[in-house]
Amino acid sequence: MDLLGFARGPGFWGAFAVFCAGVVWRIVSFALLRIRHDWNRPRAGLARSVAGGVLATATRSYPHREFIGRTGAGEALGYSYHLGLFAVVLLFTPHIAFLGGLVGLRWPGLPSSLITVISVLTVGLFLAVLFRRVTNPVIRMLSNFDDYFSWCITMLVMATGIAATAHIGARYETLLAVHVLSVDALLLWFPFGKLMHAFYIFPSRALNGGLLSRKGAAS
Amino acid sequence: MSTALALIPDAAPAPLPVAPDPTPAARVAAAMRGFAAEIGALSAFRMESCIHCGICAESCHYYIATEDPRYTPIWKIEPFKQAYKRESSSFAPVMRALGLKRAVTATQLQEWQHLLFDSCNLCGRCSLICPMGIDIASLIEQARHAMFDAGLAPSELYEKAAHQARTGQPESSSEPYRDQLLAIGRKFGVAIPLDVAKVDVMLCVARTDIERYPAAVAALARVMGHLGVSCTFRSDALVAENYGYLAGGKDLQRQISRRLIDEAIACGAGTLLVPECGHAYSALRWEAADLYGKPLPFVVRHVTEYLADALRGGTLHLRNAGEETGSVTFHDPCELVRKGGVRSAPRAILKALGVTMNELLNHGDFAFCCGGGGGVIDMPRAAPLRYRAMEIKLREIDDTGARTLLTSCSDCRRTFDDARVHFDWDKSPGSLLELVAANLVTVAARP
């Protein structure tokens, strides 16, 4: 079995198994902790609490007017590279073929030239994010190994993807194998670090928003 | 770090699983294990959800005023995230085995005392900014519990909490509050209902009002008399404040709440009315039942929402107070409005009073704290930093150009009054309740 065969075969499925088991464990392990019953009389009924949770899920996607002057640029940067990532992962035709094969679906993609432009822009935004992380005193203080390692592994996936598409530095098969291996590595790391926020973000907004709405409090 | 932040040897009366006579290090280790064991699914989920974006710093007046990154709200719980990850997270055994998360030390927690108590008002503004939706303020409150168990509650708060749990008053007074309450009634010519056997509404009083703003106490009695509601204060449970809540001592908080709960039950009250005090409302409305272990057999209302209900129900009529007050700006107490959910009531009352409102730049849900919340006003050592943070608020108030500053929390009033002296500031905060009491329309006078 050659390197590409390993990366696409046992390498990928092994990493995918770790990814699935790890993600499930990260979520299930919360259930093993105590869930407190709130005896305080709610101000809002269940329907309003649920509506508050749904609303918070949407409204936390952009800064409140009161904060936008202080946080707008940082949030725009954060959301921009996420959008770039989604576009490249989900709308690049070879990715659609691979992911669609896994789930038995097909969907339209973007032209390769446009994906290339988005990829390069996303890499630029990703570098800007790192620059901000190391230069902003608050973010630098909060950052730990997880932040930098997660950045590195995601950057590796993007950089090897661009290299493979542009045929830079080696044979296409080798570049593709390295790219797929980097994806395998990302899947292996995913459940152990902050990449889990992909699974947490909407439940977190909804849960906290719902609980605050239960009190009639601002959310 | 100043010596004022040294360990308080006997600060936590609750028995800890280390005995006898634990060293500070052993006490901290036990408190952290206790914290991790006690952490619920919700708090664990909140801690796991943090993506280290640092955006919460931009909501906190301590950070905005100083640009010191240590004041980033989520950083204030860093040792507790560390303890959680080491002791009870999904991969805790791996964390411990590989030494990926070190045990929290006494020195580390001593440093964090400043961050959790001196530079946090529990105002909850950070909980509105987090893109992950994390309720950071509730995590900080939980971290205060662990600090208390580790013997690291600030002495000013601990001593008041312990005294209040024992005696019903946070501090000794020259005269018992019961006698002071009756004296206020005589001075202001208002009947003070006291120890009535059976009533519909039980009243309590802000200790800050008794000591500094007796007119607010009289105003409460006057308004309730005007409404003709069957009500009473109870000698054995007069004080609304809960220093256990501020100090992070859950057992003390429970004892203090229990005193009010038991008296409300004893007099058959259907409503426990909280006076103009923000944290007292949070402690009773949103935490007391949990500490009681079952639903309270009465409802808890803040006087502001009670008055708004009376306005809506047509039992309260007010004169136009616009001429008396001139333009008004209102400071929203964090515990009442943003965290407590009493969001529309103050402005409904102000509208009924017919005053011209000049709103603050950040008002309502997004208002900055006065700077005194979370017990910070009770800690003299925190004053220099508090003054820096509250300058933001004072500037906003000045910028409104309003003649009158009103609020509905006695500790906020006290904080602004303190600023008036410190900054030689020209505003004197007034009470919304007092304004209502001064503008009641009697039945005969109604059009």
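Analyst: Chain A has nine helices and zero strands, so to speak a plain run of α-α-α-α-α-α-α-α-α from the N terminus on. Keep in mind that this is a predicted model. Confidence in chain A has a mean pLDDT of 95, with 100% of its residues at 70 or more. Within that chain, helix H4 (residues 93–103) of chain A comes out lowest, with a mean of 92, while helix H6 (residues 137–142) of chain A is highest at 98. The C-alpha trace of chain A spans about 65 × 40 × 35 Å along its principal axes. Of the 219 residues in chain A, 29% are buried. As for its contacts with a separation of 6 or more, 72% are between residues 24 or more positions apart.

Now the contact itself. Chain B puts in 46 residues, and chain A puts in 46 residues. On the chain B side, helix H2 (41–49) and helix H14 (278–292) of chain B each supply at least two residues. H14(B) gives the largest share of that side, with six residues. Sorted by class, the residues of chain B that touch chain A come to 23 nonpolar, 12 polar and 11 charged.

Seven of its nine residues are buried, which leaves H2(B) mostly covered. The buried ones are Leu42(B), Ser43(B), Ala44(B), Arg46(B), Met47(B), Glu48(B) and Ser49(B). And what covers them? The cover comes from both chains: it includes helix H1 (3–31) and helix H9 (197–214) of chain A, together with helix H4 (78–87) and helix H7 (136–149) of chain B.

Stepping back to chain B as a whole, there are three domains: domain 1 (3–153), domain 2 (170–312) and domain 3 (314–437). The centres of domain 1 of chain B and domain 2 of chain B, taken over C-alpha atoms, are separated by 32 Å. Between these two, six residues of domain 1 of chain B are in contact with five residues of domain 2 of chain B. On the domain 1 side of that contact you get four nonpolar, one polar and one charged residues.

Further along chain B is helix H11 (residues 214–227) of chain B, with 14 residues. From first C-alpha to last, H11(B) reaches 20 Å, close to the 20 Å expected at 1.5 Å a residue. Its buried residues are Ala216(B), Val217(B), Ala218(B), Ala219(B), Leu220(B), Ala221(B), Arg222(B), Val223(B) and Met224(B). Just past the end of H11(B), Gly228(B) takes a positive phi of about 70°.

Last, the strands. Chain B has an open sheet of three strands in the order E5-E6-E7, with parallel pairing. Strand E5 (328–331) and strand E7 (430–431) of chain B are at the edges and have a single partner strand each, so one side of each has no neighbour in the sheet. E5(B) runs parallel to strand E6 (residues 404–407) of chain B, and four bridges join them. In one of these pairings, Val328(B) has Thr404(B) of E6(B) as its bridge partner.

Notes
Residues are numbered from 1 along each chain as its sequence is written. Chains are lettered from A and ligands numbered from 1 in the order in which they are written. This is a predicted model: local features need pLDDT of at least 70, side-chain atom pairs count only at pLDDT 80 or more; totals for chains, interfaces and linings use all residues. Two strands pair if DSSP finds at least two bridges between them. Two residues are in contact if their C-beta atoms, placed from the backbone, lie within 7 Å. Ala, Val, Leu, Ile, Met, Phe, Trp, Tyr, Cys and Pro count as nonpolar, Asp, Glu, Lys and Arg as charged, and the others, Gly among them, as polar. pLDDT is the predictor's confidence in each residue, from 0 to 100. The expected span of a helix is 1.5 Å times one less than its number of residues. A residue is buried if 20 or more other C-beta atoms lie within 10 Å of its own, exposed if 12 or fewer, and partly exposed in between; C-beta atoms are placed from the backbone. Domain bounds come from an automatic or database domain assignment.
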